[in-house]
Amino acid sequence: MDGRRRSGNVDDRRGQRISGGKLAGGGIVGLLIIAAVTLFSGGSIGDVVNNVLGSGQLSGMQQTTQSDYQPDAEEQRLATLASQVLAGTEDVWTEEFRRQGWGEYKAPKMVLFTDAVSSGCGNATSQTGPFYCSADQTVYIDLGFFKDMKKQIGAGGDFAYAYVIAHEVGHHVQYLRGILTDAHRQMQEVSETEANKISVRLELQADFLAGVWANHDNKMFQSIEPGDIENAIDAASKIGDDYLQRKAYGREMPESFNHGRSEQRVRWLKKGIDTGDLANGDTFSPAYSRL
């Protein structure tokens with residue numbers, strides 16, 4: 001993405017401290033006891049658990065003044081990349097909303113942070129992973145997540161990182177279309193197992209929307225280089241619930257899946273990349289077993 005414009009919607013809070021408070025268990029996040037699962041399921045956990053983050057799991061935390069934090073060269077490069085990817089989503093979704101007759105696209109903000117952050121959905125730590133908060137229409141990300149992706153699960157490459165960001169922006173698109181609000185309302189009215197299934201539908205659709213972004217971004221800017229799609233698909237395959245649970249627990253617990261199996265995540269991401277057609281992204285009508 002060399003030479004691409006950067007978004008003006010980035011709030012850089014890296015180095016700021018959050019004091020007080022502690023992370024408590026419970027809710028959907030509490031299902032992911034092992035840190036690696038919590039982190040890498042966080043590729044999209046944010047907005048699905050807005051009600052969890054805002055319910056007091058993280059309490060008493062305060063944002064304090066800027067420290068003498070100094071990012072290294074790689075983190076600065078990733079910060080530039082994140083800003084450029086966000087700008088790309090702004091360009092693509094502005095045009096798609098216009099083309100679909102959905103009105104004006106209101107772009108989300110992005111907050112870069114380290115360690116912990118205060119959001120409109122409550123306070124969160126880096127272990128939550130990147131997340132989208134509909135209460136303030138903002139994507140939150142600790143760039144260390146990308147380094148951990150590469151180191152801990154072997155999923156690296158700039159296009160893989162772009163997929164993570166585009167997935168979170170996909171949740172913003174769902175929010176603007178009313179899909180996210182409806183799904184969260186339904187999740188509060190059913191059992192935990194059924195709520196997890198709704199969550200899977202949301203997450204797979206966000207994967208699809210990330211793929212749609214990639215398709216149109218490439219048409220606009222010729223942004224996809226050899227190996228990029230393979231990197232994104234590899235990342236999707238390694239953040240499936242089944243893969244992460246086997247890695248952490250040595251077994252699968254399908255009733256607790258809330259993001260989808262690896263093969264599902266790959267399939268929906270690839271469908272978006274291959275077609276770029278929003279008409280192919282309905283993850284709510286098919287039977288759950290056919291996702």
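Two strands pair if DSSP finds at least two bridges between them. Helices (H or I, at least four residues) and strands (E, at least two) are DSSP runs, numbered from the N terminus.

This is a predicted model, in which local features need pLDDT of at least 70, side-chain atom pairs count only at pLDDT 80 or more, and totals for chains, interfaces and linings use all residues. Residues are numbered from 1 along each chain as its sequence is written, and side-chain values use heavy atoms, with hydrogens and water left out.

**Stop 1: the sheet**

Select strand 4 (residues 109–112) and strand 8 (residues 138–141). They run parallel, joined by four bridges. Find K109: its bridge partner in strand 8 is T138. Then find M110, which stands opposite V139.

Strand 7 pairs with strand 8 in the antiparallel sense, over three bridges. Here Y132 stands opposite V139. Look at the hairpin of these two strands, with four residues between them: Q137 takes a positive phi near 50°.

Zoom out. Four strands form an open sheet in the order 1-4-8-7, with mixed pairing. Strand 1 (10–12) and strand 7 are the edges, each pairing on one side only. Neighbouring strands are turned by 25° against each other on average, direction ignored.

**Stop 2**

**Stop 3: helix 10**

Select residues 228–238, which make up helix 10. Colour its buried residues: D228, A232, I233, A235, A236 and K238. What covers them? The cover includes helix 6 (144–153), helix 7 (158–176), helix 11 (241–249) and helix 12 (262–275).

**Stop 4: the largest pocket**

Select M1, D2, R77, L81 and D158. Of the 13 residues lining the largest pocket, these lie nearest its centre. A pocket is an open set of points on a 1 Å grid over the protein atoms alone, where a 1.4 Å probe fits, with protein on both sides within 12 Å along at least five of seven lines; lining residues have an atom within 4 Å of a point. The volume is about 280 Å³. Helix 5 (73–100) and helix 7 each give two or more residues to the lining. Helix 5 gives the largest share, five residues.

How values were computed: Buried means under 20% relative accessible area, exposed over 50%, partly exposed in between (1.4 Å probe, protein chains only). Contact means heavy atoms within 4.5 Å. Grid points are joined across faces, edges and corners, and a volume is the space filled by probe spheres set on the points. Axes are lines fitted to C-alpha atoms, for helices over the stretch in contact, and angles run from 0 to 180 degrees between N-to-C directions.
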